[in-house]
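Welcome! Open your viewer, get your selection tool ready, and follow along one stop at a time.

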Amino acid sequence: MSGSYSLYRCAVLSTSSSSLSGILDRDSPVQILPLGVTMGDHTAADGFEVDNPVYCGWRQAHLGDVVGTTPPPLEYLRSTFLYLVNQGYHQAIVTTLSHQLSDTAQTVRMLAEEIPQLAVHVVDTGSCCMPEGFFTLEAVRLLGEGKSPEETVDYLERLKPRCHIVFGLSSLKALNRGGTLARLGASFSDWLGLRNVLDFSSDRLAHIQTAGNDEDMFAGILAHMQKLMAGKNPDDFVLAGIYTGSDDLYHQFANYVHRQTGWRLGDGVPVSAAVAVHVGISGVGVGLVEKLKA
């Protein structure tokens, strides 16, 4: 493994909700911890056995079936941590999705107590998708530059309030049906045929506006992004397009943003199947992170 001594002695792990599974190359030092995705009568490993297109296709044909997510299995976590110990690691940084969406952070902390040979630093990012993945990549970067695990974790903790997911959904049914809104302490109306623009940041979900059609939804997402970036240097932000379900809808959104601002969001990254369980199978948005100097 290339990199500094700090990186070699401290492993970096991320939950599959970070959407990194399809991005990292085989030489990446990051290890992915897959959440379980319950689809009717079976559970699949997020990012390994099921991805966004597979889940969304299945869900479209099984709208009445029970869906849900579970933290990575205890035995999988146990074997992963013991493997790291056997490989000579003394510490590990684990970035997880928000505890408001999953019990994963608590589960990892509990399991880590069984293996005192490995000091596990759990960073509950308060987010998911691209911002969560950004935390992971920043951990690798800082350790590679020689920062200690403790310095890296402190940086990641300070990064939390600078992260937003601004997204639009064609329906709030998935958020309601799975109990996600209740878990987040939120209650929004889902009027038939109306889209909703939302902002998820620091474990909190905020309703920004309701839109009558896709273009109005795109406009609402962009307007809120611009509000978050107002008065600041655009170069200080990392933006990444995200979507669930149709990549065609996403490209309509990305083209709209480009026409209005000149910003290029690229092809976007589909959210993981575990995230799609919460948000549904038709949505687009942007992960937005205001960079922090180490």
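Start by selecting G146: this residue follows helix α5, and its phi is positive, near 100°. Helices here are DSSP runs of H or I with at least four residues, numbered from the N terminus. A note before moving on: this is a predicted model, where local features need pLDDT of at least 70 and side-chain atom pairs count only at pLDDT 80 or more, while totals for chains, interfaces and linings use all residues. Residues are numbered from 1 along each chain as its sequence is written, and side-chain values use heavy atoms, leaving out hydrogens and water.

Now select residues 129-144, which are α5 itself.

Next, select α3 (residues 74-86) together with α4 (residues 104-112). Their axes, lines fitted to C-alpha atoms over the stretch in contact, are 10 Å apart at an angle of about 50°. The contact (heavy atoms within 4.5 Å) includes L77 and F81 of α3 and V108 and L111 of α4.

Last stop: α9, residues 214-229. At its N-terminal end, find the cap, N213, with a side-chain oxygen 3.2 Å from the backbone nitrogen of E215. Along α9, the buried residues include F218, I221 and L228. Show β8 (163-169) and α10 (247-261) too, as they are among the elements covering those buried residues. Finally, click G231, which follows α9 and has a positive phi, near 75°.

How values were computed:
Helix = DSSP H or I, 4+ residues; strand = E, 2+ residues; numbered from the N terminus. Expected span 1.5 Å × (residues − 1). Buried < 20%, exposed > 50% of the residue type's maximum accessible area, 1.4 Å probe, protein only. Polar contact = N/O pair within 3.5 Å; in protein donor to acceptor, adjacent residues only side chain to side chain. Axes fitted to C-alpha atoms, helices over the stretch in contact; angles between N-to-C directions.
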